[in-house]
Amino acid sequence: MEQAPRAAMGTRALRGLAGAHPAEVITSPDGTPHAVLRDGRRRLVVAVRDTWRVQDRWWTDTPVDRTYFDVVLEPGRPVLIFREIEGGWFAHG
Amino acid sequence: MANPPYVELHAHSAFSFLDGASLPEEMAEAAASLGHGVMALTDHDGLSGAMGFAHAATAAGVRPITGAELTVAYSPFSRTGRMGDCPLGDCPPFAVFHITLLVETARGYANLCRLITIAHAKTRSGPDRRAIAPVLPFEALQAHHEGLVCLSGCARKGLVPALLAAGRQAEADQALRRLIGIFGPGNVWVEIQRPGARGSKALARGLEALANHVGVPVVATGNVHAHHPRRAFLQDTLVSVRNRLTLDASEAERRGNRQSVLRAPDDMARRLADHPEAVRGSLVLADRLRFDLTRDLGYRFPDFVAGHPGETADHALARDCRHALLDRYAEGERRHQALCRLDEELDLIRHHGLSGFFLLHRDILEIAREVALAVRPVGSARRALPPGRGRGSSVGSIVCYLTGLSHIDPIESGLFLGRFLNRDLRSVPDIDLDFPRDVREGLIKEIIRRYGNEHAALVAAFPTFRVRMAIRELGAALALPAADIERLALLSDGWSSPEALEDEIRRMPGGEDRLRSRRWRALAALAAEAAGLPRHLSQHPGGMVVSATPLVELVPVVPAAFPGRQICQWDKDSCADAGFVKIDLLGLGMLSAVEECLDLIATSRGRAPDLSRIGFDDPAVYAEIQNADTMGVFQIESRAQMQSLLATQPENLHDLTVQVALIRPGPVSGGAVHPYVAHRRARRRDPEFVPPYDHPLLAPVLEETLGVVVFQEQVLEVSMALAGFTPGEAEDLRRAMSRKRSRDAMLRMWQRFRDGARHRDVPDDVIHTVFTKLVGFANFGFPKAHSAAFAVLAYQSAWLRRHHPAEFLAALINSQPMGFYPPASLVRDAARRGVRTLRTCIHVSQVGCTVEDGSVRLGLRMVRHLGDDAAHRLVAERETMGISPAWPIWRPAPVCAPSRWR
């Protein structure tokens, strides 16, 4: 018998900080990203497509607790950014 | 809070084994403190936590809803038949999904029980009867949907959500319509969840759109897996344990975050603010679900009347008892006393409608007699023995005595009815029946056969995460070195706090270093969180429930590992809450040993003593007991007992009754042992000695035990005497103490106790002292009547040991494993008392030990690695072939290889 399909989650981004780099993000009062500084230019977040929370590896010396934001920056560029619970923003790609 | 804006309708307790991380009671109390007014518990494929949850929630002021999340086998592609482009891997003909079912009516509850029973029906169908996961054929819903509301299931594995998430819009639509076809419009709701995973928001939007399109209401649910965020760590670990993976390797199976925990209604409404319709839906749906498991189970005592059609159970019982009474009591004062007592008891039994219950027990004893005749060899001395005997508080009842349930005359022994039957009895009285092991095995099977699969089942027991298991399983999930884990597991015993386990780890070589690692620290914390959580369903040692209405409509029933047995999903507490008639059939090693001993005596001496006529006053027997020369004697052979015997010097059956009850966890932790021993010494020096009481009000109830609480019912009597509790309230106190982790319930009892005692002008410090002792005693003592029955068996075994030491030793060894001591110690002890033990001999040894001219000949079974089977075959071969001195040498023994080596 097969297990239920489990595509609902997509892949979980849990590959440490590899491929992610610190980013400067300006947040709204509710903590969601408002704008991202890229190449010295401030780009407004025009849409938050998805947000999710990853809390994992708490039994290791490198626990993970992040909130991800799948955002679209003006003028239409998708970027995946996350905020570490300890503070600090990072961006993939 | 006037109107909480959200109701939690999807929550898992630890009875979703290795998934939920909190007890139902913890869920209920957390729900109350977070401000929930209503809450549902929906464990996976089971209702094991439902009764405990319903009672705990009601007590905490939360209205409970009953439900379950069922695993169903569903074939999304059968209609289209397009197997070629299946998105779900290898194109299974069907896949396994979850749906959440909530109970609306009593009919719905009965249906849910049937559905869960069906889902489990084939879980033991493999050749080795190893448990496989339960699953319900989708089609089975058709026959049992009435009174149930169906929710679409959790975001990951729910029937509709999973199909939608896999991009199968058409199949999700079709599945939803098929559910509506079964449950009817208005009874199917689409669940909107916020697990905080990637894609879950889009999935929720898609589900709401689908629901709107099909015309089905939406309901927000939390898919709760823990009562507190702290437990979410354990939840992660349990998932790893379930999948036999390490935490590191189980990322795909785990939830990925700690968001699926119980939250306040406001918090949930805020988190799901983008689905206001679904949040409102939880209130609308909850308002409809008014079935209350604490009230609406609809169970009635079975009215079993055997053989007399048309006669009521009340009549049948009264007639049988009167008849037996005239037989057993000669005319005179005793008969008069007995008649008064009988009328009093019958009156109470009628009042509670329990006549059928007693008749049922009598029937079972009748069945036991038949089973006993079948398993006991013709001509054996045991054939004349009663097949079992009663113990527990039932021994105090004359009705039990007259119906053969107990062998102790309560009039002669001055036993009180007390706890067994009283006016405001809250639950069915306990009747425990002890049987020799061989009878018990056959009896369980026969009862299920006689009353039928739908009417009889064993009571469940839920082994909890004990120290060693917790260390091994959690340690493996944490990927700690196996050798270290094993060492720690073997070291650890009897601690319960994380600090204690940390200390154990520190004591290991390199312990300090280990404690600097998060993994080791996590082990200590997780093991403490896991303590007390149920690990899986198992069977109670001997409790059975029998019901006239189909049992499978009252509680789900699942197959047991043992062929021919089945288990209901409730443990003894839930069965008691349901008011079930529970019959305890306990297998007692010493009963088997005593029976075997009588057989051996009959063989060696021609006839066996009649134990019912030996009297209880043999000074030689008491002399040995007072010398603590009791190795092998029932109940009084442990080191602690021996030490205490030297001090207490029992002189009669009453002293033995106290003695049996004294060295128990209850009296020990209630601080009763030392005062009792001291008072007993004082009383021996001065027969006029009056033991000190915590308060004069306690003198009448603690007089016979010299001022301390020794027996279970004294807890009740103390609360009645000091705080003016009614028998029903006292019973509530006992139950509050028996439920684990129910702090709030204990707090409420303490307040009632304090107020009641203050009302009687008892000083506060005394109230505190007495209550502390009662709590220390908790539920871990024997009722007096139970002790009395055990004392009889203790005396009988001591008597056999004194007068027939060789037969007694042989019988003890043959009944292993039992008691405190290994065979080698028993043999040494017997040698000290002049009993010779002869080695096993291939020519004369039987399978078990036998007696040869006053010495014990060890049986072939005792040969290490040989095993029972081989021993039996050797003896059979020897008997058919005759004995030859050269036999073992020239003829290959009929044994392939020692059974252990195979």
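What percentage of the contacts in chain B with a separation of 6 or more is accounted for by residues 24 or more positions apart? In this predicted model, such residues account for 73% of those contacts. Chain B has 902 residues, of which 51% count as buried. Its secondary structure comes to 37 helices and 17 strands.

**Helix packing**

Two packed helices are described by the angle between their axes and the distance between the axes.

| Helix pair (chain B) | Residues | Axis angle | Axis distance |
|---|---|---|---|
| α16(B) and α20(B) | 467–477 and 518–530 | roughly 130 degrees | within 10 Å |
| α29(B) and α32(B) | 712–723 and 764–777 | about 160 degrees | 11 Å |

With a crossing angle of roughly 130 degrees, α16(B) and α20(B) are therefore oblique to each other. The crossing in which α16(B) passes α20(B) is right-handed. On the α16(B) side, the residues that meet α20(B) are B:Ala470, B:Ile471, B:Leu474 and B:Gly475; their counterparts in α20(B) are B:Leu523, B:Leu526, B:Ala527 and B:Ala530. Sorted by class, this contact has 7 nonpolar residues, 1 polar residue and no charged residues.

For the second pair, the cut-off for a roughly antiparallel arrangement is an angle over 145 degrees. The axes of α29(B) and α32(B) pack at about 160 degrees, and the two helices are therefore roughly antiparallel to each other. Here α29(B) passes α32(B) in a left-handed crossing. B:Val715, B:Val718, B:Ser719 and B:Leu722 of α29(B) meet B:Val770, B:Leu774 and B:Phe777 of α32(B). The contact of α29(B) with α32(B) has 6 nonpolar residues and 1 polar residue, with no charged residues.

Strands of a sheet pair through backbone hydrogen bonds, either parallel or antiparallel. In chain B, 3 strands form an open sheet in the order β15-β17-β16, and the pairing is mixed. The edge strands are β15 (837–838) and β16 (850–852), each of which pairs on one side only. Strand β17 of chain B covers residues 855–857 and runs parallel to β15(B), to which 2 bridges join it. Within the sheet, B:Leu838 stands opposite B:Arg857 of β17(B).

Notes: Residues numbered from 1 in each chain as written. Chains lettered and ligands numbered in written order. Predicted model: local features only at pLDDT ≥ 70, side-chain atom pairs only at ≥ 80, totals over all residues. Axes fitted to C-alpha atoms, helices over the stretch in contact; angles between N-to-C directions. Helix = DSSP H or I, 4+ residues; strand = E, 2+ residues; numbered from the N terminus. Parallel < 35°, antiparallel > 145°, perpendicular 65-115°, else oblique. Left-handed = near helix turned anticlockwise from the far one by under 90°. Contact = placed C-beta atoms within 7 Å. Nonpolar A, V, L, I, M, F, W, Y, C, P; charged D, E, K, R; others polar. Pairing = 2+ DSSP bridges. Buried ≥ 20, exposed ≤ 12 C-beta atoms within 10 Å, placed from the backbone.
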